[in-house]
There are 2 protein chains.
Amino acid sequence: MPLKIGDLAKATDTQVVTIRYYEKEGLLRQPERSDSGYRLYSETDVERLHFIRRCRQHGMSLGEIRALLAFRDSPTSSCDWINFLVEKHIAEVEQQIESLQLLKSHLETLRRSCGGDHAHGCGIIAQLDRDTPCPSCNGLHCRLAPGSSVPSR
Amino acid sequence: MPLKIGDLAKATDTQVVTIRYYEKEGLLRQPERSDSGYRLYSETDVERLHFIRRCRQHGMSLGEIRALLAFRDSPTSSCDWINFLVEKHIAEVEQQIESLQLLKSHLETLRRSCGGDHAHGCGIIAQLDRDTPCPSCNGLHCRLAPGSSVPSR
DNA sequence: CTTGACTCTATAGTGACTATAGATGCTAGG
DNA sequence: CCTAGCATCTATAGTCACTATAGAGTCAAG
């Protein structure tokens, strides 16, 4: 018995809307339909969607996954570029890690600007803006206080 | 003499369109205009845009920067939430680094699937799709070859 | 028979830009 | 003065990978 879109969603831990989106994007085939127009899927679709989700977890773009699926479907071509793809991703991920570590150290510098000795006032704004020292706080209430007047995203 | 938008762009290493975008988003004030309608900026705007770009480099969203600018402009409020913001960012960045390191180890496993001993064929597709072994390559041409038939993004 | 969960299509919104088209202005060389 | 080639203007649409919303139809349990 075929699966409905909700079943496929559960089986692959994917949202229903995302499945329809992948179909629109040509990653999933147009499925059979029931008399009432419901999409009907098979185990093959479960596999294919699992494949897609695994690739997404590896940070691949939908375009790359499309190409990988095409390769999987017609395996006559060389697989050299798969290796290239993986190498490229490793390099990108290393790059990202490096720049995040730099960012983290910047942020920690920022945090230190306001911590410890409060004699010279909160330096975070000053750090971000070399001309204006933080005019509030005056070394009195410059303390980590989670949940206090955080701006809404 | 006031700066034109291109001068401001050069001074802050920002694209012209991005400056107009920030204006539309309320991060930069509506600037004076020349007789012919050109935007005219001052050193204050250079500072402000530098501030914005520095915050962006710290991974802050435009919404957060808007709030930081409001704080900077009217320093009557408590600066507790700036500390909270920085703490939150550090935690987020740590989280990102962690998950990227996991991803990297996954990718390296993938790479190993096709490297070294080729006796058992390219395993990358097989790794991504536990049922289908990679039917091409047959352990013959499964080798890193950058620039070969890479799919276009 | 009703309720509530599920499904359908179509459209718009997200964030932080980027790209394009078509019009106008400014400046330097001839 | 004329022209070529920039810079600037506005307005709109596109990017990526979804996510959200509206309004309608379907299905199974109680």
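Helix axes are lines fitted to C-alpha atoms, for helices over the stretch in contact, and the angles between them run from 0 to 180 degrees between N-to-C directions. On that basis, the axes of helix H3 (residues 43-57) of chain A and helix H4 (residues 62-73) of chain A come within 10 Å and cross at roughly 135°. This is a predicted model.

**Helix packing**

- Two packed helices are described by the angle between their axes and the distance between the axes.
- The crossing in which H3(A) passes H4(A) is right-handed.
- In chain B, the axes of H1(B) and helix H3 (residues 43-57) come within 10 Å, with a crossing angle of roughly 45°.
- H1(B) is therefore oblique to H3(B).
- H1(B) and H3(B) also cross in a right-handed sense.

**Surface near DNA strand C**

- DNA strand C is surrounded by 17 residues, of which A:Gly6, A:Arg20, A:Arg39, B:Tyr21 and B:Tyr22 are the closest.
- Of the atoms of DNA strand C that come within 4 Å of the protein, 84% belong to sugar and phosphate.
- A:Arg39 instead uses a backbone N or O atom, which lies 2.6 Å from a phosphate oxygen of DNA strand C.
- From chain B, a polar backbone atom of B:Leu62 is 3.4 Å from a phosphate oxygen of DNA strand C.
- The elements giving two or more residues to this surface are helix H1 (5-12) of chain A and helix H2 (16-24) of chain B.
- H2(B) provides the largest share of the surface near DNA strand C, three residues.
- By class, the surface near DNA strand C contains six nonpolar, six polar and five charged residues.

- Sugar and phosphate make up 80% of the atoms of DNA strand D that come within 4 Å of the protein.
- Chain A approaches the phosphates through side chains, including A:Gln15, with a polar side-chain atom 3.1 Å from a phosphate oxygen of DNA strand D.
- For A:Ser36, a polar side-chain atom lies 2.9 Å from a phosphate oxygen of DNA strand D.
- In chain B, a backbone N or O atom of B:Arg39 is 2.7 Å from a phosphate oxygen of DNA strand D.
- Helix H2 (16-24) of chain A and helix H1 (5-12) of chain B each supply at least two residues of this surface.
- H2(A) gives the most to the surface near DNA strand D, namely three residues.
- The residues of the surface near DNA strand D divide into six nonpolar, six polar and five charged.

**A buried glutamate in chain B**

- B:Glu64 lies in helix H4 (residues 62-73) of chain B.
- With a relative accessible area of 3%, B:Glu64 is buried, because the cut-off for that class is under 20%.
- The side chain of B:Glu64 is joined to that of B:His89 by a polar contact of 2.9 Å.

Note on methods
Residues are numbered from 1 along each chain as its sequence is written. Chains are lettered from A and ligands numbered from 1 in the order in which they are written. This is a predicted model: local features need pLDDT of at least 70, side-chain atom pairs count only at pLDDT 80 or more; totals for chains, interfaces and linings use all residues. Side-chain values use heavy atoms; hydrogens and water are left out. Helices (H or I, at least four residues) and strands (E, at least two) are DSSP runs, numbered from the N terminus. Buried means under 20% relative accessible area, exposed over 50%, partly exposed in between (1.4 Å probe, protein chains only). A polar contact is a pair of N or O atoms within 3.5 Å; within protein, one must be able to donate a hydrogen and the other to accept it, and residues adjacent in sequence count only if both atoms are side-chain atoms. A residue is near a molecule or strand if one of its heavy atoms lies within 4 Å of it. Ala, Val, Leu, Ile, Met, Phe, Trp, Tyr, Cys and Pro count as nonpolar, Asp, Glu, Lys and Arg as charged, and the others, Gly among them, as polar. A crossing is left-handed if the near helix is turned anticlockwise from the far one by less than a right angle, and right-handed if clockwise. Angles under 35 degrees count as roughly parallel, over 145 as roughly antiparallel, 65 to 115 as roughly perpendicular and the rest as oblique.
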